[in-house]
Amino acid sequence: MLTARTLVELRQHLQRFKRPAFVPTMGNLHEGHLHLLQVAKPLGDVLVASIFVNRLQFLPHEDFASYPRTFEDDCAKLHEQGCDVLFAPDETQLYPHPQTFKVQPDPALANILEGEFRPGFFTGVCTVVLKLFHCVFNGGAGVAVFGQKDYQQQLILKHMVQQLAMPIDIVTAATTRAPDGLALSSRNGYLSPPERA
């Protein structure tokens, strides 16, 4: 598995492929992420994952600084799944300057449900995903896989890709659940046993 830390490295490696299959993540990988990779692998000619904790989608009172970062363990899991390329940029790669241009999703989709309680969250999601799409696909075709657990997010991203005429297929993979029925999430570790019930 190649680990690309810069956009130049990533594009140099991907230029010989025609249809990347891409799974963007913020790391702290669990079985749900691994299922997304399994779904993505046969859909393209190179399997790409990213690990980037995106500051833009955290509100001021949220857990950006303490969000779990488990990079070495994540790399081992990606390797086991046959991931070909990991894009793991630091903030200066994706945001070399303050991100003053942002993607504003349709309020009818983004300002309800989760978006009602996390204003600006989906603007941060759309902005970083659009940027990651440009990094990985470089204007070409491909497929990106997201989990059904984040239903509102994948719906918004499908509309973004359609409205911006990007030749990218958005595939939604079924939710992976723990034995107690809880949808797997990187933040589940914050929950106490009573909170999980």
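I worked from a predicted model, and I turned to helix α1 (residues 7-14) and helix α7 (residues 121-137), whose axes come within 8 Å and cross at roughly 45°. Sorted by class, the contact of α1 with α7 has five nonpolar residues, one polar and one charged.

**Cysteines.** I looked for disulfides and the count came to zero. For C126, the closest cysteine sulfur is in C135, 16 Å away, which is too far for a bond, given that a disulfide needs the sulfur atoms within 2.5 Å. C135 is likewise in no disulfide, and the cysteine sulfur nearest to C135 is that of C83, at 16 Å. I also checked accessibility: C126 counts as buried at 1% relative accessibility, and C135 counts as buried at 5%.

**Aromatic rings.** My search for aromatic pairs gave seven. One of them joins F58 and Y67, edge-to-face, with 5.9 Å from centre to centre and 80° between the planes; both F58 and Y67 are buried. I then took F121 and F122, where the ring centres lie 4.8 Å apart and the planes stand at 70°, so I noted this pair as edge-to-face too. F121 counts as buried at 6% relative accessibility, and F122 is buried with a relative accessible area of 2%. Finally, I noted that ring pairs link F22, F133 and F137 into a cluster.

Notes:
Residues numbered from 1 in each chain as written. Predicted model: local features only at pLDDT ≥ 70, side-chain atom pairs only at ≥ 80, totals over all residues. Heavy atoms only, no water. Axes fitted to C-alpha atoms, helices over the stretch in contact; angles between N-to-C directions. Helix = DSSP H or I, 4+ residues; strand = E, 2+ residues; numbered from the N terminus. Nonpolar A, V, L, I, M, F, W, Y, C, P; charged D, E, K, R; others polar. Buried < 20%, exposed > 50% of the residue type's maximum accessible area, 1.4 Å probe, protein only. Phe/Tyr/Trp six-rings, centres within 6.5 Å; stacked < 30°, edge-to-face > 60°.
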